[in-house]
Every structure is written in structure tokens, then in C-alpha cells.
Amino acid sequence: MLLHFQRSVLAVVASAAVVMLAACSDGIVAPSTAVTASPALEKTAGPPAYGPWARIVEGSTGPGALYAMYVPTAWNGQTVTVAHGFRDVSTPVDLRDQDGLYATREALGALGYAVAYSSYSENGFVVKDGAQRTHQLRGLLASNLPATPTKNYLIGYSLGGGVALTLAEQYASQYDGALLVCGMVGGSRVQTQYLGHVRALADAYFPGMLPGNVLGVPANTVINPMTIIGTIAPSPANQAKLLAMASTAQTPLPVDPANFFPSLLESLITGVSFHARGINNIVELTHGFSPFDNATTVYSVGTPLLPAAALTPLLQLANATVTRYTIDPAAEQYLSHNFTPSGDLRIPVLTVHNAYDPAVPVQHESELLNAVTAAGATDFLSQRLINRYGHCKVNAAEISDAFGDLTAWVTSGVKPAP
């Protein structure tokens, strides 16, 4: 009864392998044809105008940071700047279609909004660079418009949610509202701790299954989903350990109620894959110091998926065998500065997040709310959960509705319902 999932191992393997390919779309989407970088701040002729666009301008804002600006024929006097999500360090710095960017751009253009976005100057865990490069576009876009914009909006996806939130907090007088989709809005420490705990417990429960450890993986490591599936799916004992991980407060692996065991496997695969994709870069940014801490963590029950008689000894096993790490003060300071939300909102911010997000967990929304509440700024925050499994699995209609609610809020002053 305990592990009676009523699914064959083959069905689990097939389903989890398919959903894994969709889960890690941040930065995995095949890049578009790279745009040749121009000298700093130089504007170049881009592709010919089409559809709603009267003018398309491409260029560079610094060392390797490309940008694109789209000016519509029937401009409504307003702008939208979009911040993209995480991209693997090994992939090109380019203006690729990510997070449904092109579809969003075209929809905004049809409504009369001028749109701009940046590649940032580098890939990886680059909230600070992303904020700098994205903010530079505000003035550049304005210089390509027939008049001073009446409203300026931000949209950020995943890591770009942290980028857009940083700008909303620091430059409230220059932006009017922000839409944050599946955003890393609770801060860098929340993200690195979650992924670190997932990797630490995976190593404790399934030793030798994964290459490297919490503080690094061999260069160019790509986690093989079939290795994880083959280790866990056929073994009732390992299935119980996976359920124990999802039951642990520090690693609440999200579960799709309609697709229980495959989604649980996917959540583990996604967590350790995102960790592997980013940890070497983060450790490099923190000058080789540990960005993760579980030195005094007592792994404890969150939402139990096992009876206490089975869960308690598994938690005891985790606490007894998990490798302990201590965060270095310099690494902690880096993560704090890059970034931690202040919560001091002075413009409307609307967030949209999947309730079961295996990559950027929904706990980010709670952390943001705590910060905003402490700052006395809840009048400027509206949070919307979508009852769906997946990372950035938000469809075009939901984005359109959310952006429409944001602009109506800015115009009317009336905060929308969640």
C-alpha cells in the first residue's frame, strides 16, 4: 500500500523522460541566429519591419550585450522591457526566443507597445548584469520613439523575475509596473539553498547516483534522467526515499496530483539538473567559496507523503549521513547583494507562478510576501498562483490577462484580485 502507485515501471520511465525535456526549458531552447555585436551603444539596422512594427533596431550596450528594440506603427505611448531567464554559461550570448518571448513581443506590438530586451553581457547566474543591461534599454528605447513614453513596464521570467524586481525596487520613479512570471523573486539565497538541499539529500539517499557534489560537478555535466529513473523507479526502497525527500520541509519536491509518481521523479531530476547547470558558475562568482549551508540544518517533516513509521527513520538516516556544508561569509554577502528583495515596493508588481514549480519553487512567493509585508508595501503586490505543474508553464492567454490587469491597476489604482 505504501508504494502502490498503480503504474508500471516502463510507464514511469517514459513519462518522466518526456516531461524532463520540457522541464528544463530555461536556456535549453535552441538559439536563434546570433546577431553580430556592434560597438558599445551603437545602433544598427536590424531585420526589416513587419507585422505591427514600423522600426526594428538592434545593437550592443557593452561587452557582448546585444539588444533588440521594436517600435510599432501605431505606438500607444508606452513601453515594455523584457528580462529573460537563466541560460547555461556554455550557450551563446544571443537574442534567442525564450520563455515565449517572440509571441509575447508580437502580442504587445499589436496592442501598440514598444518592446525592448537584452541578451545581457553573459550567461549564468547574472542578476546584477541582467539588471544593468536591461535598465540601459530604457533610455535607448526612448531615444528611438517619437515622444517621451507615458508609461514604462517591466516583464521578467524566472531569473529575469529577479532582474525585473531589482529594477522595480531600485528605480521606482522610472518604471510604472512590473509583471514577474515564474520569478526567482524570493532572492538568490532561497534558490541556492533549495537546489543545494535537493542535491545534498539526493547524495545522502542515493550515493554515487550523480556526478560531483553540492559544491560542483565535472565540467559540461548533463544529468542523465534515465540514470535517476533507473535507480529509483524499480526499487521500492528508493521510491520510499524519494517520497521522504518530498516530505522534507527543506526539499518540498512539488507533485502533480494528477500525475503523482512521474511528476515526483521529474521534480528530483529538474532540481539536480538545475543545480548541475548552475553550481560551477555560482561557485566561480563566489570566488570558490561555498554558497550553500546545511551545517546545522535538521531535516524535518514538511508535508508528509509517508506514514510516520516509515518517514521518521528515513529522516533520521538523512540527518545522520548527509554531507554538511558551511556557507562562506563572502559567498553569503555575494548572494545577498545579487540579489535579496528589499520588499520596498512603490509601483504595482504582479507575480504569476505555477503552484507546482520544480525549478523555481513557489516558496519564492512566500519569501517575497514576507519582505513586502515587513516593508509595509503590500498595497503594491498582487500574487497569482496557477494550479499547474511545471516551470514557466504559463500560457499566452494567462500572460495577456495578467499584463492587462497590471496596466489597469497602474491606470486606475485599483489592485486586481489574485
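Strand β7 (residues 177–181) is largely enclosed by the rest of the structure, because five of its five residues are buried (under 20% relative accessible area with a 1.4 Å probe, protein chains only). Gly-177, Leu-179 and Val-181 point one way from β7, while Ala-178 and Leu-180 point the other way. Strands and helices here are DSSP runs numbered from the N terminus, with at least two residues (E) for a strand and at least four (H or I) for a helix.

The model is a predicted one, in which local features need pLDDT of at least 70 and side-chain atom pairs count only at pLDDT 80 or more, whereas totals for chains, interfaces and linings use all residues. Residues are numbered from 1 along each chain as its sequence is written, and side-chain values use heavy atoms, leaving out hydrogens and water.

On to the neighbours of β7. Strand β6 (residues 151–157) runs parallel to β7 and is joined to it by five bridges; pairing requires at least two DSSP bridges. Ile-155 has Leu-179 in β7 as its bridge partner.

Elsewhere, Ala-240, Lys-241, Ala-244 and Ser-247 in helix α7 meet Leu-311, Leu-314 and Leu-317 in helix α9, where contact means heavy atoms within 4.5 Å.

Note on methods. Buried means under 20% relative accessible area, exposed over 50%, partly exposed in between (1.4 Å probe, protein chains only).
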